[in-house]
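Please keep the sequence and the model in view while reading.

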Amino acid sequence: MAPPRRYNPSMDEDFATAGNWAVIGHDWAIDMLRRSLLKGRQRHAYLIAGAPSLGKRSLALAFARALNCEAADIAARPCGKCRACRAISRANDPDLIVAKGVEGAPLKIDEIREVTRLLALKPYAARYRIAILADFDRVAPLAQDSLLKTLEEPAEHAVLIVLASSSERVLPTIRSRAQTIPLRPAPLGLVKAALIERGCEEARADLIACLSGGRTGWALAAMRDDEPLAFRAEMLDKLRDVVAGGRLARIKMAEELNKRFGRDKKAVRGILEIWLSYWRDVLLQCYESPVKPCNGDRAADIGALATGIEPSGARAALEATSRTIDALTTNANVRLALDALFLDYPGLE
């Protein structure tokens with residue numbers, strides 16, 4: 001069996017400088033983990049839970065650096081300079097195992113068993129062997145259950161960090177044996193300030209922070225690469241075409257999106273979240289709310305749509321989009337879900 005895929009943090013993470021965990025907006029979690037290190041009371045298993053792109057991997061990798069940092073002063077860990085810190089940041093530390101499913105699929109039971117086997121081995125050069133399992137809430141219950149022996153009889157040198165969008169979809173037997181760290185969206189002002197500090201132009205930082213909804217991972221990715229914003233612009237154009245089109249046009253759009261993304265429900269949910277924020281802005285505009293819209297660069301389109309529909313229509317579209325997001329966390333068919341959603345959107349009357 002192929003070894004677990006290693007996560008390359010250079011793609012979407014900022015790394016620790018001296019004395020800096022480089023995690024935006026989760027100071028309370030960092031303080032808790034730092035205190036546990038200072039007191040020598042770190043746990044053998046952690047469950048970091050929160051919505052996608054909130055910084056779960058960033059926090060897990062920073063904690064891994066702190067655990068194995070070679071700085072003499074515990075309070076200075078992670079130092080960002082020692083062999084362990086640099087190796088983890090380059091994703092080539094032999095004592096760090098970061099596993100995620102292949103091509104967007106959840107981890108399988110054989111992959112998890114291989115992780116537990118590697119975790120039980122003694123460290124090559126570090127203080128601990130550390131395993132990070134991504135998207136664990138998507139793992140089948142039987143595969144999740146394969147972690148129990150490792151959690152019940154942990155090796156002294158092993159630390160397991162499980163990442164999940166929702167802790168409720170992780171087996172209770174695992175939750176009860178791990179310390180849960182629930183992450184929440186970061187304040188938008190903090191996200192904006194962090195982007196500006198990293199060299200982002202202020203107007204762009206303001207737009208990205210608003211669109212991020214406090215998802216620091218998404219914000220950092222959008223700052224470094226135009227692709228997230230370009231994809232958002234394309235999907236908002238698709239939404240405009242849906243609302244302007246009749247039944248046949250909407251059915252064709254559902255078919256087009258299904259062909260592109262039907263096998264990737266995570267991508268479809270991401271599209272729906274873009275539309276959800278747009279409909280929220282439309283509803284606010286219907287009521288002439290003073291609240292700043294997330295999609296400020298689309299103010300003209302939002303205003304025109306709000307003028308042409310009743311508030312009840314915007315509210316219905318918002319609720320239908322939210323229901324569809326929830327449905328796609330189950331076994332709902334993407335094509336049928338999009339068909340139903342587009343027929344619920346205003347404009348067909």
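How many bridges join β1 to β4? Five bridges join these two strands, which run parallel.

## Basis of the report

The model is predicted: local features need pLDDT of at least 70, side-chain atom pairs count only at pLDDT 80 or more, and totals for chains, interfaces and linings use all residues. Residues are numbered from 1 along each chain as its sequence is written, and side-chain values use heavy atoms, with hydrogens and water left out.

Helices (H or I, at least four residues) and strands (E, at least two) are DSSP runs, numbered from the N terminus.

## The sheet

Five strands form an open sheet in the order β2-β3-β4-β1-β5, with parallel pairing. Two strands are taken to pair if DSSP finds at least two bridges between them. Strands of a sheet pair through backbone hydrogen bonds, either parallel or antiparallel. At the edges are β2 (96-99) and β5 (179-182), each of which pairs on one side only. From one strand to the next, the twist averages 15 degrees; angles run from 0 to 180 degrees between N-to-C directions, and axes are lines fitted to C-alpha atoms, for helices over the stretch in contact.

Strand β3 (residues 129-133) is joined to β2 by four bridges and to β4 by five, and runs parallel to β2 and to β4. Isoleucine 130 of β3 stands opposite leucine 96, and its bridge partner in β4 is valine 159. Alanine 99 has leucine 133 as its bridge partner in β3.

## Burial within the strands

In a regular strand the side chains alternate between the two faces of the sheet. In β2, Leu96 and Val98 lie on one side and Ile97 and Ala99 on the other, and all are buried, that is, under 20% relative accessible area, where exposed means over 50% and partly exposed in between (1.4 Å probe, protein chains only). From β4, Ala158, Leu160, Val162 and Ala164 point one way, while Val159, Ile161 and Leu163 point the other way. Seven of the seven residues of β4 are buried, so this strand is largely enclosed by the rest of the structure.

Leucine 133, in strand β3, is buried with a relative accessible area of 0%. Leaving aside neighbours within four places in sequence, leucine 133 is in contact (heavy atoms within 4.5 Å) with Ala99, Leu107, Val115, Leu147, Leu160, Ile161, Val162 and Leu163.

## Helix packing

Helix α4 (residues 109-120) lies across β2, β3 and β4 (158-164), running at about 165 degrees to β3.

Two packed helices are described by the angle between their axes and the distance between the axes. Helix α9 (residues 202-212) and helix α10 (residues 216-224) pack at an angle of about 145 degrees, and their axes are 9 Å apart. The residues in contact are Arg204, Ile208, Leu211 and Ser212 of α9 with Trp218, Ala219, Ala222 and Met223 of α10.

## Aromatic pairs and a buried lysine

The whole structure contains six aromatic pairs. Rings of Phe, Tyr and Trp (its six-membered ring) pair if their centres lie within 6.5 Å; planes under 30 degrees apart count as stacked, over 60 as edge-to-face and the rest as tilted. One of the pairs, phenylalanine 231 with phenylalanine 261, is edge-to-face, at 5.9 Å centre to centre and 85 degrees between the planes. Phenylalanine 231 belongs to helix α11 (residues 227-244) and phenylalanine 261 to helix α12 (residues 247-261), so the pair ties together parts that are 30 residues apart in sequence. Phenylalanine 261 is buried, at a relative accessible area of 11%. The ring centres of tryptophan 279 and tyrosine 345 are 5.1 Å apart with planes at 55 degrees, so this pair is tilted. Tryptophan 279 and tyrosine 345 are buried, and Trp275, Trp279, Phe342 and Tyr345 form one aromatic cluster.

Is lysine 238 buried or exposed? Lysine 238, found in helix α11, counts as buried at 14% relative accessibility. Not counting residues up to four places away in sequence, lysine 238 touches Met253, Glu256, Arg260 and Trp275.
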